[in-house]
Amino acid sequence: MYQRISAIEFSILRIGEYPIPSIIDIVNSIRLAKGNVFAEWKQSDTAKLFEDHGYKNKKEASGDVTPKSCIFM
């Protein structure tokens, strides 16, 4: 874990951007660790930000954004 976090820090310093997928991966590794590993973090206010709050996308949306009344020729 230490090496992964160090690599993220180095990347931020080197290119000046946050590697969001890598950061998400680290947070998920900490959040989903079994047992008492990272117990202090799991009980923190920060951990509460990553809890499932039940928000879901509506999958029945077709994705079609073209009005049905438009005809393109």
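Colleague: Let's begin with valine 37: where is valine 37 found?

Modeller: Valine 37 sits in the loop between helix 2 and helix 3. Helices are DSSP runs (H or I, at least four residues), numbered from the N terminus. This is a predicted model, where local features need pLDDT of at least 70, side-chain atom pairs count only at pLDDT 80 or more, and totals for chains, interfaces and linings use all residues. Residues are numbered from 1 along each chain as its sequence is written, and side-chain values use heavy atoms, with hydrogens and water left out.

Colleague: What pLDDT does the chain average?

Modeller: pLDDT is the predictor's confidence in each residue, from 0 to 100. The chain averages 82, and 75% of the residues score at least 70. Confidence is highest in helix 1 (residues 2-15), at a mean of 94, and lowest in helix 4 (residues 45-48), at 90.

Colleague: Back to valine 37, then. Why does valine 37 count as it does for accessibility?

Modeller: Relative accessible area sorts residues: buried is under 20%, exposed is over 50%, and partly exposed lies in between (1.4 Å probe, protein chains only). Valine 37 has a relative accessible area of 42%, so it is partly exposed. Phenylalanine 38 lies in that loop between helix 2 and helix 3 as well, and its relative accessible area of 33% makes it partly exposed.

Colleague: Which residues make the nonpolar surface patch?

Modeller: A patch takes residues with over 30% relative accessible area and no salt bridge; nonpolar side chains (Val, Leu, Ile, Met, Phe, Trp, Tyr) are joined within 5 Å, like charges within 9 Å. Here Met1, Ile5, Val37 and Phe38 form a nonpolar patch of about 300 Å². The areas come from the Shrake-Rupley method with a 1.4 Å probe.

Colleague: How should I read the phi of phenylalanine 38?

Modeller: Most residues other than glycine have a negative phi. Phenylalanine 38 is not a glycine, and yet its phi is positive, at about 60°.

Colleague: What about alanine 33: buried or exposed?

Modeller: Alanine 33 is buried, because its relative accessibility is 17%. It is placed in the loop between helix 2 (20-31) and helix 3 (39-42). A contact means heavy atoms within 4.5 Å. Leaving out residues up to four places away in sequence, alanine 33 touches Phe38 and Lys42.

Colleague: And which residues does serine 11 touch?

Modeller: Beyond those up to four places away in sequence, serine 11 touches Gly16, Glu17 and Pro19. Serine 11 lies in helix 1 and is buried, since its relative accessibility is 14%.

Colleague: How many salt bridges does the structure hold?

Modeller: Side chains of opposite charge can pair when their charged atoms come close. A salt bridge needs a side-chain nitrogen of Lys or Arg within 4 Å of a carboxyl oxygen of Asp or Glu. The structure holds 2. One joins aspartate 25 and arginine 4, at 2.4 Å from N to O. That pair links distant parts of the chain, with aspartate 25 in helix 2 and arginine 4 in helix 1, 21 residues apart. Aspartate 25 is partly exposed at 39%, and arginine 4 is partly exposed at 33%.

Conventions
Helices (H or I, at least four residues) and strands (E, at least two) are DSSP runs, numbered from the N terminus.
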